[in-house]
Amino acid sequence: MICKNMKVIGIDFTSRPTKFKPLTCAICGFDDETLVVKRLAEWPDFEHFENFLITSGPWVAGIDFPFGQSRKFIKNIHWPNNWSDYVKFVAKMKRDEYRKSLNDYREHRPYGDKEHKRATDIAAGSISPQKIYGVPVGLMFFEGAPRLLEAGVTLPGLIEGDPKRIVFEAYPGVLVRRLIGRRSYKQDDKTKQTGDQLKARGEILDQILSGTCFENFKVVVKTHIDINEDASGDKLDAVLCAIQAAWAWKKRDRRYGRPHSADKLEGWIADPVTCRAMDDTAFGC
């Protein structure tokens, strides 16, 4: 598919969107070098998300939640040994039933072997997609993956759907750590929001706009939108997701940058350093 100016969407996801904690979306244009963040949207419910997914393409999106579970977990819990089949299996569960399945699995396993990471999580330093407490990425998977499957989009390396609607798994945290280390830069709780977090967000944004990301992503970022004022960090995270999606689209002739070692059961995070680390580990480089 040839498109000189691709529409790129970055979405900061949540497992229970509300008007106070919406899904946050960065809508961008991308000419294969410059990513222009044109506007931001907030979706207070999943209906808006579902409507977006079936919008006619061409477009690509990066969304911040795990698209799959680890191969070890799938094997041990006896879910179907195919991504679309186990996602369909999960889609038939009620939220409480799914939560109970994950809790029951953890209960009698030894410490250190209760929640498993995918290969891409190990490379990116992200948490297990089984986690349903703290940052409940396991619930994000529960709410997000079935909706992607139902919408018929393409998820490179997992399922071939509409070639004009392509979605990548994004993870802003891995990019943020390369820019400012492990400093805190966001907080939903207003009583815990700090000036240091505001400063950290400013540094992240300054580096993005000054071209720091170009070395790895080969993407220039431009915007006139005030992203820094959002103390939750959701707007900034949505832009970071768009950067990762733009990189993957730029690599469309090379498997979208997907690692050769990517597991078709687990999925992969669209981040250049993470993808290189996955293959280096897999092949002993």
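This is a predicted model: local features need pLDDT of at least 70, side-chain atom pairs count only at pLDDT 80 or more; totals for chains, interfaces and linings use all residues.
First, a word on empty space. Rolling a probe the size of a water molecule over the atoms shows where such space is left. The search here runs on a 1 Å grid over the protein atoms alone: a cavity is a set of points where a 1.4 Å probe fits but cannot get out, a pocket is an open set with protein on both sides within 12 Å along at least five of seven lines, and lining residues have an atom within 4 Å of a point. Points are joined across faces, edges and corners, and a volume is the space filled by probe spheres set on them.

Back to the largest pocket. Its lining is made of 38 residues, and D64, V135, Y171, K186 and D237 lie nearest its centre. Helix 7 (172–180) gives the most to this lining, with four residues; helix 6 and helix 10 (234–250) are also among the helices that each supply at least two. Helices here are DSSP runs (H or I, at least four residues), numbered from the N terminus. Sorted by class, the lining has 15 nonpolar, ten polar and 13 charged residues. In this sorting, Ala, Val, Leu, Ile, Met, Phe, Trp, Tyr, Cys and Pro count as nonpolar, Asp, Glu, Lys and Arg as charged, and the others, Gly among them, as polar.

The second largest pocket holds about 290 Å³ of space. Of its 15 lining residues, F20, D188, K190, D230 and S232 are the closest to its centre. Eight of the lining residues are charged, four polar and three nonpolar.

The largest cavity has a volume of about 50 Å³, and its lining consists of F67, L155, P156, L158, V167, F168, E169 and W268. Seven of these residues are nonpolar and one is charged.

Now look at the nonpolar cores, which are sets of buried Ala, Val, Leu, Ile, Met, Phe, Trp, Tyr and Cys residues joined through side-chain atoms within 4.5 Å. Buried means under 20% relative accessible area, exposed over 50%, and partly exposed in between (1.4 Å probe, protein chains only). The largest core has 44 residues, and F49, I63, W79, Y98 and L148 touch the most other members. Helix 6 (residues 137–151) provides the largest share, nine residues. Beyond its neighbours within four places in sequence, L148 is in contact (heavy atoms within 4.5 Å) with F49, L53, I63, F65, F67, V153, L155 and V167. Another core, of 40 residues, lies apart from it and includes V8, I180, I204 and L236.

Helix 6 also contains V137, which is buried at a relative accessible area of 12%. Not counting residues up to four places away in sequence, V137 touches P66, I127, S128, P129 and K131.

Finally, there are zero disulfides in the structure, a disulfide being a pair of cysteine sulfur atoms within 2.5 Å. The sulfur of C28 has its closest cysteine sulfur in C25, 8.1 Å away, so the two are too far apart for a bond. C25 is buried at 1% relative accessibility, and C28 is buried at 2%.

Methods
Residues are numbered from 1 along each chain as its sequence is written. Side-chain values use heavy atoms; hydrogens and water are left out.
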